[in-house]
Amino acid sequence: MLSKNFFRFINNSCNRKYQQIFSCHASTTSKINGSNNEFNTEQKEKIIPKDDLFSFIVQCMMKVGTRPSHAEVLADNLTMADYRGHYSHGLNRLDMYVNDVKTGTTAKDGNPIILKELPGTALVDGQNLIGPYVGKYCMNIAMEKAKKVGIGLVSVRRSNHFGIAGYYSLKAVDKGLIGWAFTNTSPLVVPTRSKAQSLGTNPIAFGAPAENNDSFVLDMATSTVALGKVEISQRRGEEIPNTWGVNAQGIPVTKPQEIQGLLALGGPEESSGYKGYGLAMMVEILCGILSGSHFGPWVRSWKVNTTEANLGQCFIAIDPNAFEDEFGSRLQKLINYCRALPPSESGKPVLIAGDPERVHMAKCEKLGGIPYPQSQIDYINELARTLKVDVPKIQ
């Protein structure tokens, strides 16, 4: 659905003037600061068709006993992550889900249950199921409530890692709604003036529909980067900016293997890291405190699969029709204005949240699948051998 909507937007006659912007951005994506394309396009890449990747993920999860419908939601989420260029949260995370189900730390079957409910709100127990399945269930409830009363907010406890947060806000956008999604995570972030990992990367996703299938889709961690980007840099043997993380003494480092804590969005205090720290706390309040889940330093450590994660998450859907009638056209006017601004540097057009992902999706469509470096192909082959499942088609 997303790819069709995207190309419908790109090819729409009233948006043709933006084709040049996207084309220009596509040629410079790997050089733009903050780009989501974590794999350098100059590397030799292998291509895996989306459907084949989806089927591979489903096979892997079913091999360890996951209910097929749960495995399919997870596969949809992870495939979307890589398709949109968020490689840190796609295939890169599959072994974590496999191991959590295999060890029994995450439940392989069952359904979330509603604990409390009002016309515009719900509190859900995720029953320790796979995070994306729980998240989709909760977002569906929030959207149903938004259609009925204008807004829906669902808080959930006993969930697990739910993939890219943007997956859920995009569900709302596809229904003509504004969508928010938040989750707390394992304590990885060092609060400003501290050297102790106390909060998660606590992502925020916000999506809003404009006109002609265009949209504003923000999907960001409240840390300077997600841990997955550090892992990818280490896998590729690359150094990292000294604003990403610190060592055990709280000193910024450039070698990914030396990181003992991530910095909040903004980095050190002098560059406004306390703002990212504040945002992380906000997400913790909405997710951990509000839901009754574990929170802050009491969330289990990253990739420890001996205890239940009990993550807290929050999903909000808003029907813009309950407010301004011309919401879509007004948002489109602002989007158009920002994209048309003269760039400060030639070859680097002004973008809005979601544009780098559009570029990556266009690249995938042109290639006939999602590009991966050899290290990821090796990872796929090893996982396939371990689980005794078929390797996806690799071009």
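How many bridges join strand β2 (residues 113-118) to β3, and in which sense do the two run? I looked this up and found five bridges, with the strands running antiparallel.

**Entry 1: ground rules**

I am working with a predicted model, in which local features need pLDDT of at least 70 and side-chain atom pairs count only at pLDDT 80 or more, while totals for chains, interfaces and linings use all residues. Residues are numbered from 1 along each chain as its sequence is written, and side-chain values use heavy atoms, with hydrogens and water left out.

**Entry 2: the whole chain**

I counted the secondary structure of the protein chain as twelve helices and twelve strands. Helices (H or I, at least four residues) and strands (E, at least two) are DSSP runs, numbered from the N terminus. The protein chain has 395 residues, and 53% of them are buried. I use buried for under 20% relative accessible area, exposed for over 50%, and partly exposed for what lies in between (1.4 Å probe, protein chains only).

I then looked up the contacts (heavy atoms within 4.5 Å). Of those with a separation of 6 or more in the protein chain, 69% are between residues 24 or more positions apart. The accessible surface of the chain comes to about 17200 Å², and carbon and sulfur atoms hold 53% of that. These areas come from the Shrake-Rupley method with a 1.4 Å probe; for residues, only the protein chains shown count as cover.

I went back to the opening pair. Two strands pair if DSSP finds at least two bridges between them. β2 and β3 form a hairpin with two residues between them, and E117 stands opposite A122 in β3.

Next I followed β3 to its other partner. β3 pairs with strand β4 (residues 151-159) in the parallel sense, over five bridges. L123 has S155 in β4 as its bridge partner. Between β3 and β4 the chain passes through helix α6 (residues 131-149), and this β-α-β crossover is right-handed. The term means that, with the strands pointing away from the viewer, the path from the first strand over the helix to the second runs clockwise.

Why is β3 (residues 121-125) largely enclosed by the rest of the structure? I noted that four of its five residues are buried, so the strand is largely enclosed.

β4 also pairs with β11, in the antiparallel sense and over seven bridges. Here V154 has F315 in β11 as its bridge partner. Strand β5 (residues 178-183) is joined to β11 by six bridges and runs antiparallel to it. In that pair I178 stands opposite I318.

I checked burial in β11 (residues 311-318) too: eight of the eight residues are buried, so this strand is largely enclosed by the rest of the structure. L311, Q313, F315 and A317 point one way, and G312, C314, I316 and I318 point the other way.

**Entry 3: an open sheet**

I found an open sheet of three strands in the order β6-β10-β9, with mixed pairing. β6 (189-190) and β9 (245-246) stand at the edges with a single partner strand each, so one side of each has no neighbour in the sheet. β9 pairs with strand β10 (residues 261-263) in the antiparallel sense over two bridges. G245 has L262 in β10 as its bridge partner.

I listed the buried residues of α5 as L94, M96, Y97, V98, D100 and V101. They pack against α3 (50-63), α4, α6 and α12 (374-387). Just after α5, G104 takes a positive phi of about 85 degrees.

R84 lies in the loop between α4 (68-83) and α5 (94-102). Leaving out residues up to four places away in sequence, R84 touches L170, V217, E357, H360 and M361.

**Entry 4: positive phi without glycine**

I looked up N202, which has a positive phi of about 35 degrees although it is not a glycine. N202 is in the loop between β6 and β7 (204-209). Is N202 buried or exposed? N202 is buried, with a relative accessible area of 0%.

S272 is not a glycine either, and has a positive phi of about 75 degrees. S272 is in the loop between β10 and α9 (273-291). I noted S272 as partly exposed, with a relative accessible area of 24%.
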